[in-house]
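Q: Hi! Could you walk me through the sheets in this one and what packs on them?

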Amino acid sequence: MSIMTITGKHKEENWGISSSAYQIEGGWNADGKGPSIWDTFTQTTDSIPDSANGNVACDSYNRLNEDLYMLRALRVKSYRFSLSWSRIFPDGTRKSLNQKGVDYYNRLIDGLIAYNIEPMVTLYHWDLPEALQKVSGWENAAMIDIFNDYCDFCFATFGDRVKFWITINQPQTIAWSGYGLGNMPPNVVDPGYRPYIVAHNLIKAHAKAYHTYDDKYRQVQGGLISIALNADWFEPADVNVVREVVTADRAMQFQLGWFAHPIFKNGDYPDALKWQVGNKSEIQGLPQSRLPSFTEEEKNFIKGTADVFCVNHYTTRVVSYLTAELQPHSYEWDRDLRETDEPDSPTTAIPNQKAVAWGLRRLLNWIKEEYGDPEIYITENGAAVEWDDFERVMFYKAYIDEALKAYDLDGVRLQGYTATAFMDSFEWLHGYKFLFGLHHVDFTNPDRPRTPKYGLSQSQTHPPSTHTHILFSNSIAVYFTPQTVCEQLNK
C-alpha cells in the first residue's frame, strides 16, 4: 500500500496535528493564570539550553486567530491540544475558577468547530498546578478526586463541542522522568519507589475520570475518552534467541503494559512487571513488593476504561538480556535489560531517537495482538530536524507508509494519525534547541512570526495536479515534485 493513496481509500481517516498548552501558549501569568510546575521549574533551572522557558513560547494565548488560520490552511481533520489546568483553576481546585482561562479555550474550540476541525482535547499534559505539587502532587492519593473534579468541570463546560477526550498524556513519562529520574518537574529523584506509587495514582485517576464521563456525560454528549500512552518499539537483539525475545516483550510490558494492561486487559499490572518487581524486592530483603497492588474492586473499576487505544510513538530501541544490579532500587534495573540504538537507521536531531519507521508497524501489530484488536489512534509521531526539513518530509512518508501497511495488510484497526507538531515550540528539557514543528517560529522576534517549512511551502507553490507524491492529502498537505526530490538528494 502506497502513501500516495491517502486521497482515496484513506480519505476518511482522522488526519491531525498536535500541540500542548505549556509548549505553545505563553501567557504564563496572564489574566489570572496560576503557576504550574513547569513555570516554577523553568524560572530557576540552569539545565535547559539557553535558560529557555515557556513564558511566551509561541504566544498562542495572544495569537489565537493566527493559529486558527494556520490550522484551516493545513486542512487537518483534527487538532490535538491540551488545557492548562492552572489557567482554568489557578490553584488546581474549582473554587479558584478563572473565567478568562475558560473564555480562551471556548474561543479556541469554537474557532476549530467553525473551520470543521475536530478538537482532540488532552486534560493533563504534564503542567500540574504548583499549588497541588505543594501537597505532594501525584504521590498523594487525594489527587484522584481533585483531578476528577477538574475533569468533571471540563466535560460540563466544553463537552457539548469536544467529542474526543484524552485524560493524561504519557503517564509513564510523568512517573519515571518526574519522580524516578527527577529530570522533569516535579524533579523528585526516587527511582525505586515513587514511580510505582505515582503510576498507581495516575491509573486510578484516569479510571475515575472515565467513569465520570461515562456516567454523567456520554449519553448526552456522545464523545470518546481515552489516555495517551507512549511506546517505543523494542526489537530483540537476536530474534532467534528465546531469552532475547522474552526480554523485548518485557521491555514492552514495563513501558506500555504498565498502564495499558490494567486499562485494556484485566485491571491489573502485567505478570512480567509483578514478577520482576516482586522478585527483586524479595531479594533486596524488603517485606513487600515495591509495586503496589490493586484490590479486586479497583481492578473491576479500572478494566475497560478507554474507548480507543491512543499511542505516542517516536523511535525503536534494540534490547538484550541483562542481569541488572540490585542496588540502588530502580524501575530501570527492575527490567533486567540493556537498550541500544537501532544501528541501521537514520538519526534525528535528538540523541537516542533514531527514525526507524518499520518499528511503528511492528508496534501497531503488537498492540493489536496484545490488547484484543482495539481501534488505534496514533496521537503523536514526528521528528526534530533542521530548518531544511526535506528529512522531515521523508520521515513522515516512511512512518505513515508503515502505518498504512499495518492497516491495509495486517488488519490493524488504525483510525487516525496525529503529526507532531503544529509549529516549533518549547521542547521541554531541550528548550528551543530541537524543533518538531511543521511551521518555523522565530523566537527572537517579539511577534513570534510563523513560516511554513519546506514541505508546507511546496504545497503552496505547486498545484496538486503536478505532484507525483502526496504525503498528507486531506491533512497536512505535504507535497514534493520529482524536481525538488532530485535537488535535495544532490545537495
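This is a predicted model: local features need pLDDT of at least 70, side-chain atom pairs count only at pLDDT 80 or more; totals for chains, interfaces and linings use all residues.

Q: Great. Which strands make up the closed barrel, and with what pairing?

A: The barrel has 8 strands in the order 1-2-3-4-5-7-10-11, with parallel pairing. Its twist averages 25° from one strand to the next. Strands here are DSSP runs of E with at least two residues, helices are runs of H or I with at least four, and both are numbered from the N terminus. Two strands pair if DSSP finds at least two bridges between them.

Q: How many bridges join strand 3 to strand 4?

A: There are 4 bridges between strand 3 (residues 118-124) and strand 4 (residues 164-169), which run parallel. Along that pairing, M120 stands opposite F164, and Y124 stands opposite I168.

Q: And what about strand 4 with strand 5?

A: Those two pair in the parallel sense over 4 bridges. W165 has I225 in strand 5 as its bridge partner.

Q: Is strand 4 mostly covered or exposed?

A: Mostly covered: 6 of its 6 residues are buried. Buried means under 20% relative accessible area, exposed means over 50%, and partly exposed is in between, with a 1.4 Å probe and protein chains only.

Q: Switching topic, what is the order in the open sheet?

A: That sheet has 3 strands in the order 6-8-9, with mixed pairing. Strand 6 (233-236) and strand 9 (337-341) are the edge strands, each pairing on one side only. The twist averages 40° from one strand to the next.

Q: How do strand 8 and strand 9 run?

A: Antiparallel, with 5 bridges joining strand 8 (residues 316-321) to strand 9. S320 stands opposite R338 in strand 9.

Q: Which helix lies across strand 6, strand 8 and strand 9?

A: Helix 11 (residues 242-266), which runs at about 125° to strand 8. Helix 15 (residues 357-370) packs on this sheet too, touching strand 6 and strand 8, and its direction makes about 100° with that of strand 6. Contact means heavy atoms within 4.5 Å. Axes are lines fitted to C-alpha atoms, for helices over the stretch in contact, and angles run from 0 to 180 degrees between N-to-C directions.

How values were computed
Residues are numbered from 1 along each chain as its sequence is written. Side-chain values use heavy atoms; hydrogens and water are left out.
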